[in-house]
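Hi,

Here's the structure I promised to pass on to you. Have a look at it first, and then read my notes below.

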Amino acid sequence: MISVKERTKELGVRRALGATPAEVRNQIILESVFLTMIAGVMGIILGAGVLSIINNLTKDLDFPYTNPTVPIPYVLGALLIMVILGTLIGLIPAQRAVSIKPIDALREE
């Protein structure tokens with residue numbers, strides 16, 4: 001919602017120059033999916049790093065959580081769910097962006 005609010009004038013110019021509502025909607029949804037993918041990949045990398053640190057710290061100890069792992073299908077499934085939810089959540093600002101009339105968007109400052 002913030003990206004649509006901040007870029008109302010830009011979206012209005014695009015619409016005034018002939019962008020169809022579907023193009024504007026697709027742009028907002030694509031941005032939402034891209035940001036979700038970036039956050040998901042960063043989370044996977046951070047999680048792998050934390051598990052590696054835990055594994056190294058507990059290697060020689062009699063600790064119940066030695067060699068912690070997460071199966072790859074679980075990781076990929078979580079990423080897929082994140083992308084699906086990011087797409088669905090991106091539909092709300094995308095619909096708002098499409099509903100803005102070009103003349104109103106150009107007037108807004």
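Let's begin with a definition: when the angle between two axes is over 145 degrees, the pair counts as roughly antiparallel, while under 35 degrees counts as roughly parallel. Keep in mind that what you have is a predicted model.

Now for the helix pair. Two packed helices are described by the angle between their axes and the distance between the axes. Here, helix H3 covers residues 21-57, and helix H4 covers residues 72-99. They pack at an angle of about 150 degrees, and their axes are 7 Å apart. That angle is over the 145 cut-off, so H3 and H4 are roughly antiparallel to each other. As for the handedness, H3 passes H4 in a right-handed crossing.

Next, the surface. Which residues form a nonpolar patch there? They are Leu80, Ile81, Ile84, Leu85, Leu88, Ile89 and Leu91, and together they have about 660 Å² of accessible area. One of them, Leu88, sits in helix H4.

- With a relative accessible area of 43%, Gln95 is partly exposed. Gln95 and Ala22 are 73 residues apart in sequence, and their C-alpha atoms are 9.7 Å apart in space.
- Thr20 is found in the loop between helix H2 (8-16) and H3. Thr20 is partly exposed, at a relative accessible area of 37%. From Thr20 to Ile45 there are 25 residues in sequence and 38 Å in space, C-alpha to C-alpha.
- Ser52 belongs to helix H3. Its relative accessibility is 37%, so Ser52 counts as partly exposed. Ser52 and Ile84 are 32 residues apart in sequence, with 28 Å between their C-alpha atoms. You've met Ile84 already, as part of the nonpolar patch.

Then do the Thr20 and Ile45 pair, where 25 residues in sequence go with 38 Å in space.

Happy browsing, and write back with any questions!

Cheers

Terms used:
Residues numbered from 1 in each chain as written. Predicted model: local features only at pLDDT ≥ 70, side-chain atom pairs only at ≥ 80, totals over all residues. Heavy atoms only, no water. Patch = residues over 30% accessible without salt bridge, like charges linked within 9 Å, V, L, I, M, F, W, Y side chains within 5 Å. Areas by Shrake-Rupley, 256 points an atom, 1.4 Å probe, with all protein chains shown as cover. Salt bridge = Lys/Arg side-chain N within 4 Å of Asp/Glu carboxyl O. Helix = DSSP H or I, 4+ residues; strand = E, 2+ residues; numbered from the N terminus. Axes fitted to C-alpha atoms, helices over the stretch in contact; angles between N-to-C directions. Parallel < 35°, antiparallel > 145°, perpendicular 65-115°, else oblique. Left-handed = near helix turned anticlockwise from the far one by under 90°. Buried < 20%, exposed > 50% of the residue type's maximum accessible area, 1.4 Å probe, protein only.
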